[in-house]
Every structure is written in C-alpha cells, then in structure tokens.
There are 2 protein chains.
Amino acid sequence: MVTQRCCTFAVNHGPSHAVTPGSRIVGTRGNLWTMVTRGRRPTIADVARAAGVSVTTVSAAMSGKGRIDPATRARVQEAARAAGWTPRRAAQALRSGRTGTIALCIPPDRSSWADWMRHSSYLQQLTAACAAATIDAGRLMLLAPRPAERVELAGLDVDGLLLLDPVRADPVVRMCAAAGVALVTVDREPGSTSPWWVGNDHRAATRGVLDHLHERGARSVALLTGAERWAWLEDAHAAYAQWCAERGAPPLVRALDMDRPADAAAHATSALLAAGERPDAVLALPTHAALGVLAAARAAGLDVPGDLRVVAGVDGPEMAAARPAVTALDLRPAELGARAVAMLVRRLGGEPPTGPDLVATDLLVRASS
Amino acid sequence: MVTQRCCTFAVNHGPSHAVTPGSRIVGTRGNLWTMVTRGRRPTIADVARAAGVSVTTVSAAMSGKGRIDPATRARVQEAARAAGWTPRRAAQALRSGRTGTIALCIPPDRSSWADWMRHSSYLQQLTAACAAATIDAGRLMLLAPRPAERVELAGLDVDGLLLLDPVRADPVVRMCAAAGVALVTVDREPGSTSPWWVGNDHRAATRGVLDHLHERGARSVALLTGAERWAWLEDAHAAYAQWCAERGAPPLVRALDMDRPADAAAHATSALLAAGERPDAVLALPTHAALGVLAAARAAGLDVPGDLRVVAGVDGPEMAAARPAVTALDLRPAELGARAVAMLVRRLGGEPPTGPDLVATDLLVRASS
DNA sequence: TTGAAAGCGCTACCAG
DNA sequence: CTGGTAGCGCTTTCAA
C-alpha cells in the first residue's frame, strides 16, 4: 500500500495543556452563563418565587421525593419549565454527595488505550451502548482509562464505575471498595464471588463452538488463547480442556501475546501446522487472532475450511469482511453494555444484588467453518 | 450466514431505570465514602489543619494561583498527599461556575446513535482520541448524543462542547452560544465564519484523489456523496465540480441516503453503469459507500480496478479488508480529536482564536485504484 | 504572603 | 403537605 499525503500545511498547534494530577481546573472571574446571557442562570429560588412556594417545595416537586400535592407539583414544574430551569449538577452533588455520573473504564492502561479502542469493535460497541443507556437513566458517563492510583479514581468523582475485564485481585476493584465507589464489572473478576457483574457464559459458548466444529468434521481443535488472566479466557480454556478430556483428545493450547494478536496467532498457527499434531480446526479467542490463523493457513497452502476450520472468539467487521468470512462468537457487547449500566444503577439505588446477569452468545457461522 | 445461539438463559433483567428529563438523581442518606471508610473524605480544611495554614492558602497552593511562598506550597502539597486529599469537583464547580468537564457530541440524534458509533471506525477513533486528550488536560469528557433542546444541553452541565459535523445554522451551535457553553466543532459549520473548528481540507483532499485517479487512467470519475448538508460533502462536491470543469468533463454526481450508504451506493452505481455515461472511476464519500460500489461492480462483471477504479472518502478496517482492498482517504480522526480538545481547552482558557486547525489527509493507495 | 468570611445552588432535616 | 434553615467543600474577595 502506498500512502500519499494529499495536503500538508503548516498548521496551528495549540500548546499542550497537560496538567499534573491533583492540580485543578481554575476559573476566571464569572462563568460563561453570566457573561453571555443577561442575568443569572435560574435557580430553584427563582422557580419558587414564580410558583409562590418555598425552595424546599420546588426541590421536592422536581425530584419526585416527598409528599407534594399533585396540583402544587404541576404548578412548580410549569414554573420551572417557563423559567428554563435545569438542576445544577454541581450543587446537587455537593449537597447530596452523589454526582450522578459514572465512568466506563476499559483496558488496558493509559498508554495503549486509544489503540485498543481503535481496533476493537467490541469495545466500541460496548462504549456506545453504555453511553446511551447511561443517558437514558438520566445520568452522565465519563470515558476513562483504568485509574492507576487512588487519587486518579477519586479525581473522577463518580458515583459508580463500570470496569471491563477485571483481572485476579484487580487493583481497581480494591480501590473502588476502599473509596466507596459502586462497581459493576463486565465479565467476572477471577477468584471473586461478587454478584455485581454482567457477562457471557464463556464455558457454554466454547462448548457450542467446539460442538459446531466437531459436527463440521473437525477431530483435532487447537485453542489460541491470550496471556492475560481474564475470566473469559480462563473459562474458555477450562471448557476446552473438559471437552477434550471427554473425547480423549489431547488438548492443543497456545497463549498469545495480546499486543499483536494477529501476528502472534499467525506465528503460533504456523508452528502448530509444522509440528506433528497438525490440528484440523482452530478456535482463536483474542480479538483479531483469527485473521492471523487465516494468513498462516494461506501461507501453508491449506484450504479453509477444507483443511482447517477457523472460528474467532470475538466477532468484528474484519471477520465478516475476511475471505473466507470467519465464523465468530458474537458476544453482543451492546447488550452487555446496556445490562451493565442497568445493574450499576440498581446498585447505586441501594438495591440488593440479583446475581450475575448473563447475556446469551450467538455463534455466527460463516464460510471458515 | 447462520446464527446459532450458544446459550440462552432466563436472565436477570433489572427494571428499566429511565428517568424523565429534568428529574434528578436523588441520594439516600450519606454517601458511600462515609459509609465505607471510617470518617469523612478529607477536605481542604483537614489539609489546612495538618499543614498549619488556612484553607485559603491550601486552595491557592494546590491550584497554583496566588502568590504563595514556595516552602509553604511544598508543605501544603505534602500534607494534601499524606491526607489523600483530592479536590471535590462538585464543590469547585459550584463555587467557580466551571465544571472542568466537556462533552463530545457525535451525530446523529439519539435514535440511531449507537448504531453509528458501532459502524464508523472514524467516530470510534475520534472518540477515543478525544477522551485520551481530555484526560491528559486534567478534565473529564462525557460522551453524549446531540442535545435536542436547551434543557438537554444545560443538563450536561459542561464547560465546553465538541460538536462533530455541524450542519448549516446548527441548532446546537445556537444553543451553545445562548447558554454560554464554549464550542469547538470538528469540521466547520457551513455558512459560519467561526474560527473555532478543526478539520480536514476536503477540497485539497478531493483534488488529490481525482488527480490520482486521472493518473491511473480514469477519464470519467463519478462522485457519490451524501444527502446531508455537511461542510465536508459540500467542499468535496465543490472541488469535484471545479476539477471536472477544468477538464471539460461532465460531472456525474449522486447523493446517497446516509442511513444505508453501502446499499444506496450499490444501487446508484448499478444505475450509473447501466446508463450511457458509464464512469471508469468512482469516488464514494460516505462511510462504507465504497463497499457498495465494489458489490455493484462485481454484479456487473466489471474488474476493479481494470474497468472501474474505486476510492473511499473515509478509511476504515473494512476498506483494508475488502477484496480488492479499497484506496481510501485517511482523515486521521485521532489527530483531529487531539487537536479539537486542545483548541477547546484554549478557548476555555480565554485565549483568542488562532484560526481553524487543519489536519493533513492521507490517501492510502490500495488495490482498487 | 496569608487569613477570615461570604456564598455558589441545592438537599436534608426538622418544625409546623 | 409545606416552609425555614443549615451547610456540603470550595473559590473569591477583601482585609491584614
């Protein structure tokens, strides 16, 4: 591929405005509201005056709390609408101690965060779904990398956190507990018994894939997993091991470096094919890893799915676009995100846990198997 | 493609927690900090006591404002660190009138928002880059759909807004001006002369594409654009028209429905190929439209690029994965996002405008041309 | 260079 | 069912 720059200018680069953690956003005199609109932004005092009630009544009427006469409530709400009043979140938060804001923390750390986001349609869909669900719940969602320290978490100033792919003894989980931030994880924390998580049943999904491959004639399925210690990889691995044991088939597992999964998968697959125990199918779990398997098969002159059946553990547009199109597990990230937000809202509301919320997995059967 | 559900459970669906706009997040007694950790979250009063100074001094020392003795400042900062103090954003915001938070508003409206996000790697990269840059600037970023009304905008309670793809006389632009919310747009607002935007030079990029196609032997280039009234489509269209006029070639333009651009593009291309003025190249601007062109060419039995050269106006993984791989414009959304945040931070800081910030475009030449 | 005090807008508490 | 009032944690203003 050739890259050709269409237009290169001397452009205006603003100065970098990096701020050290712990420092603060300082204001100039007056806010923009005051500067632009004549007069102040309306407060409940203005609404109270207009409706002929007290601020207490306005507060209760607008929040739905308290026992307020329906007629009074209607009058107050109309006055608020007329005045263009909107609650000032900062004031609510300061008084109530709850900010009405949650954060979505996706892996990995800050450094390669944007890269991950950029390459994983799973993350992208999950993010969009969480944001949409949060707004529907009347809250606000921040998008943030995993906080590395207590101060970073505190600096978020959120009521709750959605944490994706917690690891065993996850520091973020510990920090949330210490800081009193409500937490819901997407996928369970390995080794934890917390009921506050949503996820897929990766054991069932893996069995489904393996049964599908067997049905399509595969007799020796290799598993490409990741080196990370995530519950979904553990679960898939465990289900695979058990499935192999049930059939007396020797397990064939390779753990891939998750930084460049496609390349790592290509390398691992080539090695596997060159060795004695040549598999006739591969389940490639990490995002994009299946593309590497395809490349290795092509390099080895193998037909997919004739000589080698391939299934991806995470679906994405690349799987549908690949030739042959790759059979993949649709983990339904949009559904996961919506459910995760709903659960976090329940937790924030003080409701008791109802157990993990499992989202069904779809196997999208395409040409590669 | 066959879809096979791997596991279906009776799962726990929490109640839907939709909240009507204008209602508020109400708290129960006490916040989690208080409930979980023994004692209160430290305040500047605690830090002041520990450091033996007043709260005023702590405030000045931590914010970097005011004239504070360096020794005093160091002592205060150490005390703050030791106490684990973090500024409470709500209190800062209430007092200063600035929340330290910005919002990224991406098109279109609420209804199909998650869908767009899901399918456009451009949006995804832009989003990730904005979030990362915002955090680096010590601020927080909300992800939100375009506010439809004033109350929705006010409900965001943000200092500034990043607005993607403003339309002519954009209501959000008007609302921001009225509400005193600082605004930076990604791409200019058609008809506006505001200098507060970042974007690509779509005229230059379009000329670059057309020159490239001409060089590759194309003599009749069709343009597939969108029905939306976005500046980038206007600019590309204008550059195309001028380029055609310079060569005395008749322009061949079709506007596509942006909801299903690939299908619309396939349809439009088929019609174009069936008509007399059969083009030998197509520049398909809307996201994914080029894939439809490819499908139409295949259906017509045409070789790409032999009979028909194809270029996509927006790059994405689908373009690289397509067969043949599609030559595409890389609008460099990650760069756009970083620059947009930097510009918004400058505007929030009261700095004067330095003019639009243009990001260079790369033409990624692949097999389709 | 530092401190005292007011008050941002709202909700919790309690009295009527 | 409604109102008065205190005060959340911080920044700002003004005085020392």
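Predicted model: local features only at pLDDT ≥ 70, side-chain atom pairs only at ≥ 80, totals over all residues.
To start with the cores, the largest one takes in 156 residues. Within this core, the residues with the most contacts are A:Leu162, A:Leu224, B:Leu162 and B:Leu224. A closer look at A:Leu224 shows who its partners are once residues up to four places away in sequence are set aside: A:Arg254, A:Leu256, A:Ala265, A:Ala268, A:Thr269, A:Leu272, A:Val282, A:Leu283, A:Ala284, A:Leu285, A:Pro286 and A:Val293. Apart from that core sits another, made of 34 residues, including A:Leu163, A:Val172, A:Val173 and B:Val158.

Next comes a charged residue, A:Asp201. In chain A, A:Asp201 is found in the loop between strand 6 (197–200) and helix 10 (202–215). A:Asp201 is buried, yet it goes without a salt bridge. The nearest side chain of opposite charge belongs to A:Arg203 and is 6.2 Å away; a salt bridge would need the charged atoms within 4 Å.

Over in chain B, B:Ala367 belongs to the segment after strand 13 (361–365). B:Ala367 counts as partly exposed because its relative accessibility is 44%. Beyond its neighbours within four places in sequence, B:Ala367 is in contact with B:Pro305, B:Pro324 and B:Ala325. B:Ala342, by contrast, is 25 residues from B:Ala367 in sequence, and the two are 36 Å apart in space, C-alpha to C-alpha.

Conventions: Residues numbered from 1 in each chain as written. Chains lettered and ligands numbered in written order. Heavy atoms only, no water. Core = buried A, V, L, I, M, F, W, Y, C linked by side-chain atoms within 4.5 Å. Buried < 20%, exposed > 50% of the residue type's maximum accessible area, 1.4 Å probe, protein only. Contact = heavy atoms within 4.5 Å. Helix = DSSP H or I, 4+ residues; strand = E, 2+ residues; numbered from the N terminus. Lys, Arg positive; Asp, Glu negative; His and termini not counted.
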